[in-house]
Amino acid sequence: MPAVDKLLLEEALQDSPQTRSLLSVFEEDAGTLTEYTNQLLQAMQRVYGAQNEMCLATQQLSKQLLAYEKQHFALGKGDEEVISTLHYFSKVVDELNVLHSELAKQLADTMILPIIQFREKDLTEVSTLKDLFGLASTEHDVSMAKYSRLPKRKENEKHKAEVAKEVANARRKQHLSSLQYYCALNALQYRKRVAMMEPMLGYTRGQINFFKKGAEMFSKRLDSFLTSVSDMVQSIQGELDAEAEKMRISQQDLISVNESVYTPDSDVTSPVINRNLIQKAGYLNLRNKTGLVTTTWERLYFFTQGGNLMCQPRGAVAGGLIQDLDNCSVMAVDCEDRRYCFQITTPTGKTGITLQAESRKEYEEWICAINNISRQIYLTDNPEAAAIKLNQTALQAVTPITSFAKKHEAHHPSQNVKPTDNGKTTPSESAGIQDSTQLIALGTPIQFDIVLPATEFLDQNRGGRRANPFGESEDGSKDEEEDSLLQQMFIVRFLGSMAVQSDNTSEVIYEAMRQVLAARAIHNIFRMTESHLMVTSKNLRLIDPQTQVTRASFELATVTQFAAHQDNKRLIGFVVHLRETPGEESMSAYVFESNTEGEKICYAISLGKEIAEAQKDPEALAQLMKSVPFTNDGKFVLLNDQSEEDGATREEGEESEA
């Protein structure tokens with residue numbers, strides 16, 4: 001016999017769309033079998049009815065033949081031979097009626113009864129288990145939705161435990177019902193073959209027994225065939241018994257698993273996380289906006305395919321594309337007081353989708369997998385090895401710290417920093433792209449925040465003076481700002497900074513951006529410090545928007561490289577030369593996210609360097625002043641793209657006053 005298709009009991013707990021899709025095939029097969037069985041039963045009942053009608057007809061015929069004698073024919077003489085002949089025919093018909101009655105009884109027992117039992121027992125059992133499985137699945141979905149809405153507050157631990165227990169009970173119930181349903185569908189593949197052949201076997205044997213006296217030769221031709229069919233039925237029955245025992249043992253083993261299989265987030269303290277995944281699949285909650293302030297969450301099955309994130313609802317044959325993951329960024333987010341939420345952002349900086357995992361393990365593995373895929377590791381010859389190497393490098397390079405006071409003191413221009421005159425410096429590309437280890441050393445720590453040291457804050461407000469709301473701690477600094485020909489302010493958010501080994505190419509900035517974003521994803525750091533970046537012809541200053549205190553300041557001459565991200569236009573970075581000790585210099589790359597395009601910040605820095613260089617030469621300064629417009633107070637104005645196209649300046653355009 002050909003092999004029989006089966007549902008794998010081991011996949012019942014995962015309940016993936018692939019398993020559901022295969023289950024729908026079995027359900028469709030069962031539905032077709034039920035419809036065909038009803039039609040077959042109607043045909044067999046018609047045969048059985050005809051046989052019963054034959055019994056009644058032959059019995060009536062026999063009586064009618066005997067009744068001929070009792071008829072009063074006016075011309076009834078010479079009917080004795082006819083009457084005796086009819087009596088004999090009546091006896092023959094009675095004997096035939098006995099054979100027809102035996103045939104009708106045999107058809108009822110061997111043809112009608114098996115097909116009715118198959119329909120009422122096996123097909124009804126499958127239909128009942130299907131309804132129970134649907135109810136269990138619905139109950140599990142309701143409990144999972146309730147569990148997904150749990151807040152992160154610790155005072156609700158008792159409620160969380162009750163909901164988790166409810167999810168476990170619902171998942172156990174669904175698992176048990178699915179195992180029973182799968183076993184019934186698997187057994188149906190054997191039973192339907194028996195159910196189709198056994199009635200016809202009984203029908204054929206009954207007919208042969210009926211005609212055996214007059215059709216010995218006919219019955220001899222079918223004896224061997226019927227024997228083989230009987231042996232086949234016995235063989236299938238034996239296979240069914242063996243498979244039923246095997247499924248019973250497997251079902252017991254699967255039911256006796258650890259309770260943690262049913263409980264979501266069972267190992268929340270120290271889950272085993274695989275950070276080297278380049279493929280991932282599982283159920284996630286997708287956030288959908290239904291109005292201006294209202295949202296809904298839908299539990300769907302997600303999986304990665306190459307560089308794409310696919311989504312497949314239950315019952316669907318295949319998944320659909322929901323997000324292109326190449327060069328995207330993924331980051332943990334706080335969303336509607338839900339746990340384990342993360343957000344995927346497109347390379348252009350546009351917010352993509354917000355998803356929620358059911359456990360910490362799934363949450364971190366999804367973030368790592370998407371981060372690995374976004375770097376197009378799957379296109380390499382050995383993606384697994386590349387992912388392992390990349391994550392080992394990232395883990396060595398990342399030290400999650402919030403401040404380095406010593407490093408900040410070195411960054412501050414008032415301490416041991418002598419401006420170096422590098423002339424006119426603009427972003428330049430190296431003739432060849434260097435290796436990442438030549439740009440940034442392995443194990444380089446990353447600073448994720450800029451914190452103003454308390455001593456410096458006291459210095460800016462010493463002497464009992466009221467803090468200046470514009471962040472001007474000294475009159476000299478105010479005069480210095482007024483003397484600057486360029487003052488341009490941008491709203492930025494600090495992502496991170498790290499030491500670099502080269503400033504010959506903008507690739508060092510791109511590599512720093514990649515490592516900073518990767519480190520934030522690995523350590524689930526999603527908070528960013530917002531600052532005002534003041535670009536002047538003398539320095540770059542990061543100003544606290546609330547206190548107007550200068551967090552960090554870099555002389556423009558020490559900024560040797562700056563560039564905006566090629567795909568995400570809001571990412572901007574620059575490299576600064578720092579002097580930590582006399583005679584020893586270092587370079588650090590700073591990465592920011594801006595509300596405006598990074599190219600505008602690069603243009604402002606470039607213009608500031610041109611002004612600083614032109615101030616050394618009065619003729620060059622005069623030429624520069626002719627080419628760039630000024631405000632009423634004599635400062636340079638930076639025109640945005642629209643104002644340049646319209647040929648008109650607007651006060652609400654990006655102007656140089658802070």
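**View 1. Residue Q64 in helix 1 of the predicted model.** Q64 belongs to helix 1, which covers residues 17-66, helices being DSSP runs of H or I with at least four residues and strands runs of E with at least two, both numbered from the N terminus. Its relative accessibility is 48%, so Q64 counts as partly exposed, a class lying between buried (under 20% relative accessible area) and exposed (over 50%), with a 1.4 Å probe and protein chains only. Although 26 residues separate Q64 from S90 in sequence, their C-alpha atoms are 8.3 Å apart in space. The model is predicted, so local features need pLDDT of at least 70 and side-chain atom pairs count only at pLDDT 80 or more, while totals for chains, interfaces and linings use all residues. Residues are numbered from 1 along each chain as its sequence is written, and side-chain values use heavy atoms, leaving out hydrogens and water.

**View 2. The span of helix 2.** Helix 2, with 69 residues (80-148), reaches 96 Å from its first C-alpha to its last, close to the expected 102 Å, which is 1.5 Å times one less than the number of residues.

View 3. Seven strands form an open sheet in the order 4-3-2-1-7-6-5 with antiparallel pairing, where two strands pair if DSSP finds at least two bridges between them. Strand 4 (320-324) and strand 5 (329-332) are at the edges with a single partner strand each, so one side of each has no neighbour in the sheet. Strand 3 (residues 308-312) and strand 4 run antiparallel and are joined by four bridges, and N308 has D324 in strand 4 as its bridge partner.
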